[in-house]
Amino acid sequence: MNQSNSENLIRAIVLQNAIQHNGKAVSGAILGKFLSIKPDEKKNISQISIKISVLTKEINSLSLDQQLNQFKSFQSYLPIDNPKQQKIEKPLKLKNAEHGKVITRFSPNPNFILHLGSARAAILSHDYAKAYNGKFILRFEDTDPKTKKPQLEYYENVRNDLNWLDCTPNEEYIQSKRLEIYYDVARSLINQGNAYICECSQDMFKSLLIKCESCPDRPLSPDINIKRLQKMLDGEYSEGNAVLRIRADLNHPNPAVRDWPAMRIINTDNHPHPLVKNKFKVWPLYNFSCSIDDHLLGITHIIRGVEHITNGIKQRQIYEYMKWTYPTEIHYGRVSLEKNILSKSDILEGIETKKFQGYDDPRLGTLVALRKRGFQSNTLRNLIHNVGIHPSKAQIEWSNLEAMNRKIIDPISNRRFVILSPYKLTIEGLKDVKSVILPLHPEQPIRGNRKIEIKENNGKIIVYVDKNDLMKVGVGGSLRLKGFINIQIKSINESSSANFEGYDLNNALKSKYPIIHWLPYNSFCNVKILWDDATSIKCIGESGLESEKIDNLIQMERIGFARIDEKKKDLISIVYSHQ
Ligand SMILES: [Zn+2]
């Protein structure tokens, strides 16, 4: 064995363990950890055990500060865990899939932001394509400038959200820029006799449809229909006066699939499209443009919600007429988030009536809200893969989502003191205290430490503690200020006081003192916390928070995880994630 390398590794493990346990390494776990890194060393187990006990004794005799210093020189011997790269455990399998040939698409209307429900379609479509080394396409379905009007800002929002989800598309298409393609297919279908222009009023057509009867336009020749289509394109019809219909079974049990509409007129002078303004008046309906593009873009697998089953029937009809091969369809059930709103109309109404603060209101399941709270894209990915693809409904529990997120963010969150209801406390009987060193992360000494400066005056220091912690202990009770000292409470009032008892953690542990977080009176920063129920409070936190960057995740000790949202000169805004 390489004697010195192994010894350095043992030293690093013992130091790490000691720092995790307030300066006293617990030897039990060290051998296991060493062998997990160097399994070949099992043959030297007795030699290594001796080495461990010698080094543990040596390191335990050092102060925490010395241990931290020494650790800096030895931490490079430890392998680095990268918690951000979580692998999906279940292999992704699609029917009718060939390696290198799978093409999937995500096709939102850019008239709303993405939420957990839409993220499911995006993640599944992206990840299955990736698993087969295929292609993932983003297609904006923006062909209704009137009732589902697309908005410019959402094109970019969707792109950003997809990047955040790690679902960056290989190609992007925008349907409003492909209208001529749909017009060409309409001409082919008319020439085949499989589509016609219907001039009936909506009411009249409906009454015929219900009776399974043909409208007077249905038997007209392709020539007449081609002329009518040209009239539509030339703007000679007004809105509602002409519709391109696909010939279908007039006796189909579902009236929605009998001679269904494929293109209609929208007066874009009144309803301009955000990208092509009023250039076009004839617009395809969803099923028409969707089926044409699925074919032309070579989509092999359509992964979509069960609510699209009727649409699938209509789209297959176009494929049949055009002699195209229909892609493989895979349906999944609706996903809901416990006690949460994913419905577009409910979200919009809530924002309108000021019930919600915006799309990023922490009570919503929108991606922007989840992101603001510090949820990671890999959390959503793991969750969606766990739910899987099957047509039954799935309800996601918050506790589940939080547990998955905690696993990912715990290793990357610095520990910080934040006091929700600060109470001033004067401690007497201390000498020569200048600062306290605490690790930024108890299990990741590699992240370094935080130094809390203390001002001592004639054996007295003043700290802030949480009012509730003081009240629980009461006068005469003892507690430990985390990482610092044990104290006994003398009085609780506007200027509470306590006596210094000692430094020893073991005494506090033996006597089961509450271990509480605290801040020095002379050094802290102002903090605002936005809670998950959208209420907020102002309080104080350790001054080290000022060095955290926006989007950094932290654990407010004894409170929970949070994300740094905004930093102003005198105020740091934090959004609470979960416990
Ligand atoms: Zn008609």
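**Exercise 1. State which residues are linked in a network of salt bridges with R416, then describe the pair that R416 forms with E548.**

Solution. R416, R450, K482, E542, E548 and E557 are linked in a network of salt bridges. The model examined here is a predicted one.

Step 1: Take the pair itself. The side chains of R416 and E548 meet in a salt bridge, with 2.9 Å from N to O.

Step 2: R416 belongs to strand β12 (residues 414-416), while E548 is in the loop between β24 (536-541) and β25 (553-556). The pair links distant parts of the chain, 132 residues apart.

Step 3: Judge the exposure. The cut-off for buried is under 20% relative accessible area. R416 has 4% and is therefore buried; E548, at 3%, also counts as buried.

**Exercise 2. Find the salt-bridge partner of R304 and decide whether each of the two residues is buried or exposed.**

Solution. Step 1: The partner is E329, and the N to O distance in this salt bridge is 2.7 Å.

Step 1: The relative accessibility of R304 is 3%, so R304 counts as buried. E329 has a relative accessible area of 14% and is buried too.

**Exercise 3. Carry out the analysis for K135 and E171.**

Solution. Step 1: K135 and E171 form a salt bridge, in which the closest N and O atoms are 2.9 Å apart.

Step 1: K135 sits in strand β2 (residues 135-140) and E171 in strand β3 (residues 171-174); the pair links distant parts of the chain, 36 residues apart.

Step 2: For the count, the structure holds 36 salt bridges.

**Exercise 4. Describe how the zinc ion is coordinated, and name the geometry of its site.**

Solution. Step 1: List the donors. They are C198 (SG), C200 (SG), C215 (SG) and D217 (OD), at 2.2 to 2.4 Å from the zinc ion.

Step 1: Write the spacing of the donor residues in sequence, which is C-x1-C-x14-C-x1-D.

Step 2: Check the angles. Four donors count as tetrahedral if all angles lie between 85 and 135 degrees. Among the four donor atoms of the zinc ion the angles are 99 to 119°, and the site is tetrahedral.

Step 3: C198 has 1% relative accessibility and so counts as buried, and C200, at 9%, counts as buried.

**Exercise 5. Describe the chain as a whole: its elements, its domains and its spread.**

Solution. Step 1: The chain has 17 helices and 27 strands. Its radius of gyration is 33 Å, well over the 25 Å that the globule rule gives for 579 residues, so the chain is more spread out than a compact globule.

Step 1: A box of roughly 100 × 65 × 35 Å, taken along the principal axes, is filled by the C-alpha atoms.

Step 2: The domain assignment gives domain 1 (3-79), domain 2 (95-340), domain 3 (341-410) and domain 4 (415-471 + 516-579). Taken over C-alpha atoms, the centres of domain 1 and domain 2 are separated by 63 Å.

Step 3: Of the 579 residues in the chain, 51% are buried. Among contacts with a separation of 6 or more, 68% are between residues 24 or more positions apart.

Key
Residues numbered from 1 in each chain as written. Predicted model: local features only at pLDDT ≥ 70, side-chain atom pairs only at ≥ 80, totals over all residues. Heavy atoms only, no water. Donors = N, O, S within 2.8 Å, 3.2 Å for Na, K, Ca; no water. Tetrahedral: all angles 85-135°; square planar, octahedral: opposite > 155°, others 65-115°. Buried < 20%, exposed > 50% of the residue type's maximum accessible area, 1.4 Å probe, protein only. Domains from an automatic or database assignment. Salt bridge = Lys/Arg side-chain N within 4 Å of Asp/Glu carboxyl O. Helix = DSSP H or I, 4+ residues; strand = E, 2+ residues; numbered from the N terminus. Rg over C-alpha atoms; globule rule 2.2 N^0.38 Å. Contact = heavy atoms within 4.5 Å.
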